[in-house]
Amino acid sequence: MRGPERLLLDGAARILNEDRRWGTLYRLDLEGDEPLVMVRVLNATPEPDGSIQRYYLRVPPTMERAREAVAWTFGKREYEYAPEKET
């Protein structure tokens with residue numbers, strides 16, 4: 001586990017939103033800095049050993065829902081983001 005992920009999970013981050021399809025949105029309020037907000041997503045393609053890789057993507061602190069956060073990473077608004085196929 002890398003720095004931001006460890007900070008989220010060890011730093012008492014709270015879950016803002018969980019969605020089976022889009023992931024989990026975490027928020028950690030930091031003293032003297034903007035909140036750390038990250039969305040945890042799963043890779044749609046399994047690894048050669050069959051495991052599923054997890055990724056943590058930092059998003060703006062204004063995000064409230066996992067789908068909204070994932071859409072933001074693609075430069076879209078939540079209502080615009082509707083992929084037909086995940087690769």
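I began with a working rule: a salt bridge is a side-chain nitrogen of Lys or Arg within 4 Å of a carboxyl oxygen of Asp or Glu. The model is a predicted one, in which local features need pLDDT of at least 70 and side-chain atom pairs count only at pLDDT 80 or more, while totals for chains, interfaces and linings use all residues. Residues are numbered from 1 along each chain as its sequence is written, and side-chain values use heavy atoms, with hydrogens and water left out.

**Entry on salt bridges.** I found that the structure holds 5 salt bridges. One of them joins Asp 29 to Arg 27, with the closest N and O atoms 3.0 Å apart. Asp 29 counts as partly exposed because its relative accessibility is 49%, where buried means under 20% relative accessible area, exposed over 50%, and partly exposed in between (1.4 Å probe, protein chains only). I then looked at Arg 58 and Glu 34, which form a salt bridge whose closest N and O atoms are 3.8 Å apart. This pair links distant parts of the chain, since Arg 58 is in strand S4 and Glu 34 in the loop between S2 and S3, 24 residues apart. Helices (H or I, at least four residues) and strands (E, at least two) are DSSP runs, numbered from the N terminus.

**Entry on the sheet.** I noted an open sheet of 4 strands in the order S1-S2-S3-S4, with antiparallel pairing; two strands pair if DSSP finds at least two bridges between them. The edge strands, each pairing on one side only, are S1 (14-19) and S4 (54-59). S1 and S2 (residues 23-28) pair in the antiparallel sense over 5 bridges, and Glu 18 stands opposite Thr 24 in S2.

**Entry on Glu 68.** Leaving aside neighbours within four places in sequence, Glu 68 is in contact (heavy atoms within 4.5 Å) with Thr 62, Met 63 and Glu 78. The side chains of Arg 65 and Glu 68 meet in a salt bridge at 3.9 Å, N to O. Salt bridges that share partners join Glu 64, Arg 65, Glu 68 and Glu 78 into one network. Arg 65 counts as partly exposed, because its relative accessibility is 33%.
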